[in-house]
Amino acid sequence: MRRADSWHRRSTEVGSDAEKFIFLWISFNAAYGADVTSAYLEETPRERDKFGAFLQNIVDRDEDGLLETILWDRIAPLIRRLLNNQYVFKPFWDAVSGSPGAERWQDQFRRANQRVSDARRYRDVRGVLREVFLRLYTLRNQLFHGGATYATGWGGDQVRDGARIMEALVPVILDIMRVDIEINPKSDVWGLIAYPRINHEPQ
């Protein structure tokens, strides 16, 4: 929690949307990125499966429905815009690179967005969150792997929207996790920390 909080705090001190998104993703990653030898991960999963399992744990412990309120009442327009943006949909980029079978990306795009629409209709918070974070993960890859130009060029809209979505969700996710840890300090549901501290913090 200390690591996640430190990156979240830094995200409030930056000016650009790209920096804000990057620091918020690191904060989120610090929370979900448990060591792969942890009790609830029996084999090394794909990254999106890791945060999918993490989000399920978060939703299960959101007794006050905070995430539902944010998704439905505060950032619904941002989410609609993100989901309608093909440039944060991974199969689109698979098609651009010529991957076999990727030419059907438009059908996949429609089906994925229909799943989100159905999830919203049935108040399925986890279903909405999972698809939103899959799109944000594609955006994360674009930024972390140098697939965007800093502060200029195409893609500014999705970076701005992604930063605003993360800005709304990450602190609530951290708070839900923190409360559960305070109530159940010996629980192994969050897994073992990755890169555990070996020595004391430097003075």
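Colleague: Which residues does Asn113 touch, not counting residues up to four places away in sequence?

Modeller: Contact means heavy atoms within 4.5 Å. By that rule, and leaving out residues up to four places away in sequence, Asn113 touches Leu83, Asn84 and Arg135. Please note that this is a predicted model, in which local features need pLDDT of at least 70 and side-chain atom pairs count only at pLDDT 80 or more, while totals for chains, interfaces and linings use all residues. Residues are numbered from 1 along each chain as its sequence is written, and side-chain values use heavy atoms, with hydrogens and water left out.

Colleague: In which helix does Asn113 lie, and is Asn113 buried or exposed?

Modeller: Helices are DSSP runs (H or I, at least four residues) numbered from the N terminus. Asn113 belongs to helix α7. For accessibility, buried means under 20% relative accessible area, exposed over 50%, and partly exposed in between (1.4 Å probe, protein chains only). Asn113 is buried because its relative accessible area is 17%.

Colleague: With which side chain does the side chain of Asn113 make a polar contact?

Modeller: A polar contact is a pair of N or O atoms within 3.5 Å; within protein, one must be able to donate a hydrogen and the other to accept it, and residues adjacent in sequence count only if both atoms are side-chain atoms. Here the partner is the side chain of Arg135, at 2.8 Å.

Colleague: Where is Asn84 placed, and is Asn84 buried or exposed?

Modeller: Asn84 sits in the loop between α5 and α6 (90-96). With a relative accessible area of 56%, Asn84 is exposed. Asn84 and Asn113 are 29 residues apart in sequence, and their C-alpha atoms are 7.8 Å apart in space. Beyond four places in sequence, Asn84 touches Phe109 as well as Asn113. The side chain of Asn84 also reaches the backbone oxygen of Arg80 at 3.0 Å.

Colleague: How many salt bridges does a search of the whole structure find?

Modeller: Side chains of opposite charge can pair when their charged atoms come close. A salt bridge is a side-chain nitrogen of Lys or Arg within 4 Å of a carboxyl oxygen of Asp or Glu, and the search finds 15 of them. One joins the side chains of Glu131 and Arg135 at 2.9 Å, N to O. These two are separated by about one helical turn because they are four residues apart in helix α8. Glu131 counts as buried at 8% relative accessibility, and Arg135 counts as buried at 1%. Another salt bridge joins Lys90 and Asp94 at 3.0 Å; Lys90 is partly exposed at 46%, as is Asp94 at 22%.

Colleague: How many residues has the largest nonpolar core?

Modeller: In soluble globular proteins, nonpolar side chains tend to be buried together. A nonpolar core is a set of buried Ala, Val, Leu, Ile, Met, Phe, Trp, Tyr and Cys residues joined through side-chain atoms within 4.5 Å. The largest one has 48 residues, and Trp25, Phe28, Phe54, Phe133, Leu136 and Leu169 have the most contacts inside it. Among the helices that each supply at least two of its residues are α2 (17-32), α8 (125-144) and α9 (156-183). Helix α9 gives the most, with twelve residues.

Colleague: What is Leu136 in contact with, leaving aside its neighbours within four places in sequence?

Modeller: Leu136 is in contact with Phe21, Trp25, Leu82, Gly162, Ile165 and Met166.
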